[in-house]
Amino acid sequence: MKSKFETQANQLNKTMKHMNSTTKRIRHLLPVILLLFTLTASQNVTATNVSGTIVNANWTSNNSPYIVVGNINVAGLTIGPGVTVSFATNYSFEVDGVITALGTPNAPIVFMGTNGGWQGIYFNISSPGSILANCVISNSVNSGVYILNTTPLIENCVIAGNSSGFIGGGIYINNINMAGTTIILNSLIINNISAVNGAGIAANLGTNLLEIKGCVISNNIANPSVLIETCFGGGVAVDGNILLKYTKICNNTCNAGTAFGNDQSAAGGGIFSEGGSDTVLNCEIINNRALCAAGGHDYAYGGGIEISSG
């Protein structure tokens, strides 16, 4: 019969193998991402301009890049491996129907802005069944992915370098008026910024569940300008129920403000949670920070985790 310590050692070994596998997948994607970001306009490629309502369309690498020259409303869209969707300026990409974006590790689907960013992928009470797999979503200025009362699957994606003037720089989930579980698998959520809470992921769930498995959530910063009085969740901020499994949350920061006198606060450098049940299994939570402003009577709670209620 195995001792308690042998069982814990086996669990830890399993965790590390899973995290190492996730890290290898992410490292495999990074050279592809860097290559895509260094492409220049001098390349002799034929672009496809798109805008308006997209109904039962199929975007393929043969017609890529797709240049978004106006706001997009998706009723039905399939995107194949190796497609680049480039936003000419600050346009929106709203999904009301179903999007099936299935890249591969060697040929991811890339969503990116070129002139001052774009509005991110917005699931607006969309139909069930959407999936983003092996996608790279970058430099949105209104959350990389914004999910409202729906449950798309996000799997093997890189969500990096996005920002929000509110909450949820990488991903913002607002599912309080529906029932369902939002699932994020084997994804890298890195270098995102939010003006307020949840720089990596922010979620208002009501009684619903957010499941995060096999992910790395790293180097996200909430309230970098220190203009907001109180800040929660550098990596993840959740109001509701959360299941974290085989996930690494590291090097995230949330900052208290500096412009409001005394008694400002920062809470949950890695994770901030309230209003629900938290289950954290086989995870690493490392080197996260909740920071006070200089001077005054400011407060910082939970460099790694702050559980406010639940």
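These legends describe close-up views of one predicted model.

**View 1. Phe87 and Trp118 form a stacked aromatic pair.** A pair of aromatic rings is described by the distance of the centres and the angle of the planes. Here the centres of Phe87 and Trp118 are 4.2 Å apart, with 15 degrees between the planes. Phe87 lies in strand E4 (residues 84-87). Trp118 lies in the loop between strand E6 (109-113) and strand E7 (121-124). The two residues are 31 apart in sequence, so the pair ties together separate parts of the chain. Both Phe87 and Trp118 are buried. Ring pairs also link Phe87 and Trp118 with Phe93 and Phe111 in a cluster. A search of the whole structure finds 10 aromatic pairs.

**View 2. Phe166 and Tyr172 form an edge-to-face pair.** The ring centres of Phe166 and Tyr172 are 6.3 Å apart. Their planes stand at 80 degrees, so the pair counts as edge-to-face. Is Tyr172 buried or exposed? Tyr172 is buried, at 8% relative accessibility. Phe166 is partly exposed, with a relative accessible area of 48%.

**View 3. Glu284 and Lys248 form a salt bridge.** Side chains of opposite charge can pair when their charged atoms come close. How many salt bridges does the structure hold? It holds one. The closest N and O atoms of Glu284 and Lys248 are 3.8 Å apart. Glu284 sits in strand E28 (residues 284-286), and Lys248 sits in strand E23 (residues 248-250). The pair links distant parts of the chain, 36 residues apart. Glu284 counts as buried, because its relative accessibility is 17% and the cut-off for buried is under 20%. Lys248 is partly exposed, with a relative accessible area of 29%.

**View 4. A cis peptide bond joins Ser64 and Pro65.** Most residues other than glycine have a negative phi, and most peptide bonds are trans. At the bond between Ser64 and Pro65, omega is about 10 degrees. Where is Pro65 found? Pro65 is in the loop between strand E2 (57-59) and strand E3 (66-79).

**View 5. Asn134 and Asn287 have positive phi values.** Phi of Asn134 is near 55 degrees. Asn134 lies in the loop between strand E8 (131-133) and strand E9 (135-138). It is buried, with a relative accessible area of 11%. Phi of Asn287 is near 60 degrees, again in a residue other than glycine. Asn287 is in the loop between E28 and strand E29 (289-291). Asn287 is exposed, with a relative accessible area of 53%.

**View 6. Strand E22 pairs with strands E18, E26 and E27.** Strand E22 covers residues 236-245. It is mostly covered: seven of its 10 residues are buried. Which way do E18 and E22 run? Strand E18 (residues 201-213) and E22 run parallel, joined by nine bridges. Ala203 has Val238 of E22 as its bridge partner. Val238 also has a bridge partner in E26, namely Ser273. Strand E26 (residues 271-274) pairs with E22 in the parallel sense over four bridges. Strand E27 (residues 278-281) pairs with E22 in the parallel sense, also over four bridges. There, Ile242 stands opposite Asp278. In a regular strand the side chains alternate between the two faces of the sheet.

How values were computed. Residues are numbered from 1 along each chain as its sequence is written. This is a predicted model: local features need pLDDT of at least 70, side-chain atom pairs count only at pLDDT 80 or more; totals for chains, interfaces and linings use all residues. Side-chain values use heavy atoms; hydrogens and water are left out. Rings of Phe, Tyr and Trp (its six-membered ring) pair if their centres lie within 6.5 Å; planes under 30 degrees apart count as stacked, over 60 as edge-to-face and the rest as tilted. Buried means under 20% relative accessible area, exposed over 50%, partly exposed in between (1.4 Å probe, protein chains only). A salt bridge is a side-chain nitrogen of Lys or Arg within 4 Å of a carboxyl oxygen of Asp or Glu. Two strands pair if DSSP finds at least two bridges between them.
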